[in-house]
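Please read these points with the structure open beside you. Find each residue as it comes up.

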Amino acid sequence: MNRLIILLIVLICYGNSLRAQEIEYSRPVNTPESCTSILVGKKASADGSVMTSHTCDGNYRTWMEIVPAARYERDTTVAIYNGRMHTEYPADRTNMELKGTIPEARSTYQFLNTAYPCLNEKQLGIGETTISGRKELQNKKGMFMIEELEKIALQRCTTAREAIRLIGQLVAEHGYGDSGECLTIADPNEVWHFEVFGEGPDKIGGVWAAVRIPDDHVGVSANISRISTLDLKDRDNYMASENVFSVAKKMGFWDGKEPFKFWKAYSGGNYFGEPKAFSIREYFILNALAPSLQLSYDSEELPISVKPDKPVAVTDVMALLRQTYEGTEWDMTKNLKVAVKNKETKETDTITSPAANPWMGTDMLNMLNGVK
């Protein structure tokens with residue numbers, strides 16, 4: 001029987017007691033401090049599991065709870081909030097803004113409520129990475145932030161396809177008020193890469209697309225829009241909002257003549273302002289798992305998924321997500337030096353700072369190195 005592995009749960013259960021098989025890395029990432037999600041199809045995994053994952057780099061809450069399944073009377077409503085990710089405990093409403101209410105389902109599933117809700121009792125799992133996108137698309141009047149969409153989907157859905165359709169329906173009816181987001185949505189049979197943006201200042205809605213990762217492939221999202229061309233006639237592998245092309249034309253992001261690429265229309269380049277549909281993290285992970293493809297970092301875009309050269313174990317995914325690159329030219333701790341006076345020789349020695357952390361951002365690196 002196929003089973004879904006959510007890496008957060010695996011890490012809680014097994015920690016560092018598991019060792020990953022050795023993987024050769026041709027070009028390590030030099031920006032590991034941001035959210036990353038790796039997706040693995042059931043025929044690409046070593047044990048037939050479907051995988052999604054999520055590393056969260058933001059200043060978000062650390063408490064979590066298991067919200068039990070429930071049944072509700074007719075005409076019950078559920079409140080939708082902004083700010084839940086910055087609360088101190090489940091009942092804390094200090095920094096929360098009520099965005100509105102929607103009808104409650106008659107029954108809901110039990111789910112794991114983390115900063116970005118991630119797993120329900122039916123083994124529907126969701127990972128997340130922020131992909132930003134064009135500022136012109138944001139409309140803060142939209143009711144839903146991404147974490148609230150995840151919560152509702154986990155309470156009401158059993159499959160990835162159901163979750164995508166429900167999220168699309170909620171965004172169309174009540175509006176999307178967040179910046180661009182990617183969700184990597186998995187069930188025991190398949191895993192999807194889903195991206196959503198606002199619809200612009202004149203419309204409280206949203207625009208989205210989703211691509212199924214083939215069963216024998218692995219994919220990755222790391223803060224950059226990655227969906228490219230859409231074959232919406234292929235309903236088994238593609239989904240999108242009805243306005244996916246019209247919004248791009250209305251906003252002037254696509255002329256309707258050149259081949260349509262979702263990431264090019266809606267992201268306006270990647271998260272760091274480069275004219276690429278990937279960052280070094282996507283390149284590194286895909287290249288590490290499929291080195292035979294000889295992917296080029298100079299390409300305009302990478303494939304959204306690749307067939308790995310060998311089956312991928314959950315411990316391989318864990319190893320990729322916690323790679324710190326020490327001992328390589330990309331080692332983020334190598335320049336973290338501080339001057340310390342030697343008590344015996346009275347001379348000043350240069351040592352690696354005790355505060356050295358391979359997951360630090362550029363500002364902290366510069367501060368410790370004395371760069372203004």
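1. Start with helix α3, residues 160-174. This helix gives four residues to the lining of the second largest pocket, the most of any contributor. Keep in mind that the model is predicted.

2. Now look at the pocket itself. The space in the second largest pocket comes to about 230 Å³. Its lining has 14 residues, and those closest to the centre are G168, A172, W208, S241 and E242. What classes make up the lining of the second largest pocket? Six residues are polar, four are nonpolar and four are charged.

3. Helix α3 comes up again in the largest nonpolar core. That core holds 34 residues, and I185 and F194 touch the most other members. Two or more residues come from each of β6 (77-82), α2, α3, β12 (180-186), β13 (191-197) and β14 (207-213). Of these, α3 gives the most, with seven residues.

4. Take I185 and trace its contacts. Set aside its neighbours within four places in sequence. Another core lies apart from the largest one. This other core has 25 residues, including I38, A290, V306 and M318.

5. Is helix α2, residues 146-156, mostly covered or mostly uncovered? Mostly covered: ten of its eleven residues are buried. Among the buried residues of α2 are E147, E148, E150, K151 and Q155. I146, L149, I152, A153 and L154 are buried too.

6. How many cavities of 30 Å³ or more does a search of the whole structure find? It finds one. The largest cavity holds about 40 Å³ of space. Its lining is made of F253, W254, E258, P259, F260, K261, K264 and A265. By class, five of these are nonpolar, three are charged and none is polar.

7. Finish with the whole protein. It has eight helices and 19 strands. Of its 372 residues, 52% count as buried. Now take the contacts between residues at least 6 apart in sequence: 71% of them join residues at least 24 apart. The accessible surface comes to about 17,900 Å², and carbon and sulfur atoms account for 48% of that.

Note on methods: Residues numbered from 1 in each chain as written. Predicted model: local features only at pLDDT ≥ 70, side-chain atom pairs only at ≥ 80, totals over all residues. Heavy atoms only, no water. 1 Å grid on protein atoms, 1.4 Å probe; cavity = no way out; pocket = protein on both sides within 12 Å on 5 of 7 lines; lining within 4 Å. Points joined across faces, edges and corners; volume = space filled by probe spheres on them. Nonpolar A, V, L, I, M, F, W, Y, C, P; charged D, E, K, R; others polar. Buried < 20%, exposed > 50% of the residue type's maximum accessible area, 1.4 Å probe, protein only. Core = buried A, V, L, I, M, F, W, Y, C linked by side-chain atoms within 4.5 Å. Contact = heavy atoms within 4.5 Å. Areas by Shrake-Rupley, 256 points an atom, 1.4 Å probe, with all protein chains shown as cover.
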